[in-house]
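Here is a friendly walk through one model, in questions and answers. Have the sequence and the 3D view ready.

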Amino acid sequence: MYSSSLADAPAIREPLHAPVAHLVRGGVTEGVHYGSVVVLGTDGEVDFQLGDIEVAFYPRSALKPVQAVAMVRAGLPLDGELLSLAAASHSGEERHLAGTRRILELAGATEDDLRNVTDLPYDPVVRDLWIREGRPPSRLAQNCSGKHAAMLYTCKLNGWSLDGYLDPDHPLQQAIAEIVEDLTGQRIARVTVDGCGAPLFSVSLNGLARAAARVTTAVPGTPEARVADAMREHAEMASGSGRDVAALMRAVPGLLAKDGFEGVGVAALPDGRAVAVKISDGANRARVPVTAAALVRAGVDPAQLTPFEGEPLLGGGEPVGTLTPVRALRP
């Protein structure tokens, strides 16, 4: 299905995004979200594309499952909830904090060893509670702490220095970069720093979809399959209560889904069908319905995706419009 040779890095240029969703109020198009969408078939080939799927872009946290695969390949022994947390953009709920502490304990490390940024919990309800209780921002509460704790554990197991584990030249990050290229099937275009402080690798939207498909079609027991199984079985650990990606994985049997900041979404089924979405303005309100429309385009039963069609546009507290994927996305 996939070639063992790597394609060249995607081009770094201004992306040629296309309209992917219309905000319609009272029958008039009030706004347009631009972006790009790719749908892969079971053979790994592009079945549908819209916008610019080959330009270099940053997948942000949508790449975390691939980073987790790299750590498992490097010997990370986690499974279940803790492995899901290692691939998480978590909400900062107590179970996420407890899980991160457990990974740190297994690594013989502490919160002081984490090098992600300090932050309040991502979930607005949990964040508001922290503020009312006077709890300060912390590295543990930041949504990438599970990944960072797993990085420390991987370093400890391999005898790599814990200091500087976020340096792109550190053996851990070199190992992750190698797996990013392996699973996406292309060279990395550029390396920068993600919001949490970890290296961030630029690939193409098509490459991101290929990577997700390779994770979900992997042989049982492999690092890829272990990550996919952990995230699907413990979707709330990979995200949080009430998060759309967790609900999406519960709604569609066998689906692996991951979101990322700036309007990135990726989802793949066990037979290799996969979709990836980038909303150019970073709007989550467009990411969710566009991802759902792409999954319908990939052959998922529309009835399973009805809750993800987008929230109604209100006027005076009453529904007066919708955010609708463009006609080209609707099969």
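Q: Is Ser-202 buried or exposed?
A: This is a predicted model, in which local features need pLDDT of at least 70, side-chain atom pairs count only at pLDDT 80 or more, and totals for chains, interfaces and linings use all residues. Residues are numbered from 1 along each chain as its sequence is written, and side-chain values use heavy atoms, with hydrogens and water left out. Buried means under 20% relative accessible area, exposed over 50%, and partly exposed in between (1.4 Å probe, protein chains only). Ser-202 has a relative accessible area of 4%, so the answer is buried.

Q: In which strand does Ser-202 lie, and which residues is Ser-202 in contact with, leaving aside neighbours within four places in sequence?
A: Helices (H or I, at least four residues) and strands (E, at least two) are DSSP runs, numbered from the N terminus. By that numbering, Ser-202 belongs to strand S6 (residues 199-204). Contact means heavy atoms within 4.5 Å. With neighbours within four places in sequence set aside, the partners of Ser-202 are Ala-56, Phe-57, Tyr-58, Ile-188, Ala-189 and Arg-190.

Q: How many disulfides does a search of the whole structure find?
A: A disulfide is a covalent bond between the sulfur atoms of two cysteines. Here the test is a pair of cysteine sulfur atoms within 2.5 Å. Searching the whole structure gives a count of zero.

Q: How are the rings of Tyr-122 and Phe-261 arranged?
A: Rings of Phe, Tyr and Trp (its six-membered ring) pair if their centres lie within 6.5 Å; planes under 30 degrees apart count as stacked, over 60 as edge-to-face and the rest as tilted. The ring centres of Tyr-122 and Phe-261 are 5.9 Å apart with planes at 45°, so the arrangement is tilted.

Q: How many residues apart in sequence are the parts that the Tyr-122 and Phe-261 pair ties together?
A: Tyr-122 sits in the loop between helix H3 (94-107) and helix H4 (124-133). Phe-261 sits in the loop between strand S7 (256-260) and strand S8 (264-268), so the pair ties together parts whose separation in sequence is 139 residues.

Q: How are H3 and H5 oriented?
A: Axes are lines fitted to C-alpha atoms, for helices over the stretch in contact, and angles run from 0 to 180 degrees between N-to-C directions. H3 and helix H5 (residues 145-158) pack at about 10°, with axes 9 Å apart. Angles under 35 degrees count as roughly parallel, over 145 as roughly antiparallel, 65 to 115 as roughly perpendicular and the rest as oblique. That makes H3 and H5 roughly parallel.

Q: And how is H6 oriented to H7?
A: H6 and helix H7 (residues 205-216) have axes 7 Å apart and pack at an angle of about 90°. Asp-182, Leu-183 and Thr-184 in H6 meet H7 residues including Gly-207 and Leu-208. The angle makes H6 to H7 roughly perpendicular.

Q: How many of the ten residues of helix H1 are buried?
A: Helix H1 (residues 64-73) is largely enclosed by the rest of the structure. Among the buried residues are Lys-64, Pro-65 and Val-66.
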